[in-house]
Amino acid sequence: MNLLRKILRSPAACCGLVIILLLIICALFAPWLAGQDPNWQNAAARLLPPEPGHWLGTDAYGRDMLARLLYGTRPMLGMVLLVTSITLPLGLLIGILSGYYGGWTERVLMRFTDVVMSMPRLILAFAFVAMLGPGLINGALALALTTWPAYARQARTEIQKLRNSDYLSAAEMLGIRGFRLMWGHILPLCLPSAIVRLALDLAGIILAAAGLGFLGLGARPPMAEWGAMIADGMQVIFDQWWIAAIPGAAILLSSLAFNLLGDGLRDILESDHD
């Protein structure tokens, strides 16, 4: 509750949080908000401009753009959730083990981290998806496997500063060691900064997920997905601009929301340290 009050006092964090909550509402209540099937094709109504009945127009197959836009929040948020649930635990686990134990454990884990980090993330994600096959889960797995190194290095740096601190020494004197020490005392110290970094990185993850969908490597047709919607709109962008512009604006708004939330959380964390 204390964190929520601080977020509400921050204009950037509050604005980002409101937009994210609206996206979640759109994803949860898409069938009621859309009012029609996003995959229903109507050749007689193809490429219609925004008008009553089709408030955001229709695409080349006569599908309602508003319905597809609302349903498109589901794979986007699903991708974000899957990437987060893999990236954060994996990065923190490797970083905490490296920083706490040091020695050969640190050398081996950090050299592996450096190898993954040295490769272009988006290209590496494309390579993973090409090997695993297109799909929402495979796309999320590919992005997660290329995103975790930054969290591992950040956690390792923080643990190195804390390893000889009086706080951890006192915990060890009380008999708290190993997994109990890492889970109960070290992890809570690393988690706030990792969450802030994740909020800032989610904008890039959304863009990368849209890139996978644009290339046909994300959610499989006919599922509504913003990147794939832009790819469909590129074929008629000069005449029916709204087909590509509408999902592009949704991607921009979503990325902006996570950036605003991340900036606000960073300001809150810095003020707490001061």
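**Exercise 1. Find the residues through which H5 and H8 meet in this predicted model, and describe how the two helices cross.**

Step 1. Start with the residues on each side. From H5, take Glu106, Met110, Thr113, Asp114, Val116 and Met117. Their partners in H8 are Pro149, Ala150, Ala152, Arg153, Arg156 and Gln160.

Step 2. Sort this contact by class. The contact of H5 with H8 has 6 nonpolar, 2 polar and 4 charged residues.

Step 3. Now turn to the axes. Helix H5 covers residues 103-117 and helix H8 covers residues 149-162; their axes come within 9 Å and cross at roughly 145°. The hand of this crossing of H5 and H8 is left-handed.

**Exercise 2. Work out how H10 and H11 are oriented to each other, and what their contact is made of.**

Step 1. Look at the geometry. H10 runs over residues 178-214 and H11 over residues 226-233, and their axes come within 6 Å, with a crossing at roughly 50°.

Step 2. Classify the angle. An angle under 35 degrees would count as roughly parallel, and one from 65 to 115 as roughly perpendicular. H10 and H11 are therefore oblique to each other. Their crossing is right-handed.

Step 3. List the contact. H10 contributes Ala210, Gly213 and Phe214, while H11 contributes Gly227, Ala228, Ile230 and Ala231. By class, the residues of this contact of H10 with H11 are 5 nonpolar, 2 polar and no charged.

Step 4. Follow the chain between the two helices. Pro222 sits in the loop between H10 and H11. The peptide bond from Pro221 to Pro222 is cis, with omega near 5°.

**Exercise 3. Locate the largest cavity and say what lines it.**

Step 1. Count first. There is 1 cavity of 30 Å³ or more. The volume of the largest cavity is about 90 Å³.

Step 2. Go to its centre. Of the 13 residues that line the largest cavity, Pro75, Met76, Ala209, Ala210 and Glu225 lie nearest its centre.

Step 3. Assign the lining to elements. H4 and H10 each give two or more residues to the lining of the largest cavity. The largest share, 4 residues, comes from H10.

Step 4. Sort by class. The lining of the largest cavity has 10 nonpolar, 2 polar and 1 charged residues.

**Exercise 4. Describe the largest pocket: its volume, its lining and the elements around it.**

Step 1. The largest pocket holds about 310 Å³ of space.

Step 2. Its lining has 16 residues, and the closest to the centre of the pocket are Ile20, Val80, Leu202, Phe258 and Leu261.

Step 3. Helix H1 (2-9), helix H2 (11-28), helix H4 (65-101), H10 and helix H12 (242-273) are the elements that give two or more residues to this lining.

Step 4. By class, the lining of the largest pocket comprises 15 nonpolar, 1 polar and no charged residues.

Conventions: Residues are numbered from 1 along each chain as its sequence is written. This is a predicted model: local features need pLDDT of at least 70, side-chain atom pairs count only at pLDDT 80 or more; totals for chains, interfaces and linings use all residues. Side-chain values use heavy atoms; hydrogens and water are left out. Axes are lines fitted to C-alpha atoms, for helices over the stretch in contact, and angles run from 0 to 180 degrees between N-to-C directions. Angles under 35 degrees count as roughly parallel, over 145 as roughly antiparallel, 65 to 115 as roughly perpendicular and the rest as oblique. A crossing is left-handed if the near helix is turned anticlockwise from the far one by less than a right angle, and right-handed if clockwise. Contact means heavy atoms within 4.5 Å. Ala, Val, Leu, Ile, Met, Phe, Trp, Tyr, Cys and Pro count as nonpolar, Asp, Glu, Lys and Arg as charged, and the others, Gly among them, as polar. On a 1 Å grid over the protein atoms alone, a cavity is a set of points where a 1.4 Å probe fits but cannot get out, and a pocket is an open set with protein on both sides within 12 Å along at least five of seven lines; lining residues have an atom within 4 Å of a point. Grid points are joined across faces, edges and corners, and a volume is the space filled by probe spheres set on the points.
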